Amino acid sequence: MLGECTWRNSFNETEAVEALLGREGLIPGYDDTRFMVFSKHPMSNATRDRYAGKVDFVTAEELYRR
């Protein structure tokens, strides 16, 4: 699993996701890679749709929900 944490109120979503995807193969010896973006606020629907099935998005609220 490779992840990106974005704890800012605003940022370029596409830039963050593309940077994460660019890290595929960074750790040798694995054939399968799972990508996750952890963010303070939800990502836009456009970003979620664009990367559906390739990247999982988790908000702080989802992460710490009890």
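Visitor: How many helices and strands does the secondary structure come to?
Guide: The secondary structure of this predicted model comprises 3 helices and 3 strands.

Visitor: And which pattern does the protein follow along the sequence?
Guide: Read along the sequence, the pattern is β-α-β-α-β-α. The radius of gyration is 12 Å, close to the 11 Å given by the globule rule for 66 residues, so the protein is as compact as a globular protein of that length.

Visitor: What does the C-alpha trace span along its principal axes?
Guide: The C-alpha trace spans about 35 × 25 × 20 Å along those axes.

Visitor: Turning to threonine 33, where is its place?
Guide: Threonine 33 lies in the loop between helix 1 (13-21) and strand 2 (35-39).

Visitor: Is threonine 33 buried, partly exposed or exposed, and why?
Guide: Threonine 33 counts as partly exposed because its relative accessibility is 25%, and buried would require under 20%.

Visitor: Which residues is it in contact with, leaving aside neighbours within four places in sequence?
Guide: With those neighbours set aside, threonine 33 is in contact with Leu2 and Glu24. Glycine 3 is 30 residues from threonine 33 in sequence, and their C-alpha atoms are 10 Å apart in space.

Visitor: Back to the whole protein: what share of contacts between residues at least 6 apart join residues at least 24 apart?
Guide: That share is 49%. As for burial, 30% of the 66 residues count as buried.

Technical notes
Residues numbered from 1 in each chain as written. Predicted model: local features only at pLDDT ≥ 70, side-chain atom pairs only at ≥ 80, totals over all residues. Heavy atoms only, no water. Helix = DSSP H or I, 4+ residues; strand = E, 2+ residues; numbered from the N terminus. Buried < 20%, exposed > 50% of the residue type's maximum accessible area, 1.4 Å probe, protein only. Contact = heavy atoms within 4.5 Å. Rg over C-alpha atoms; globule rule 2.2 N^0.38 Å.
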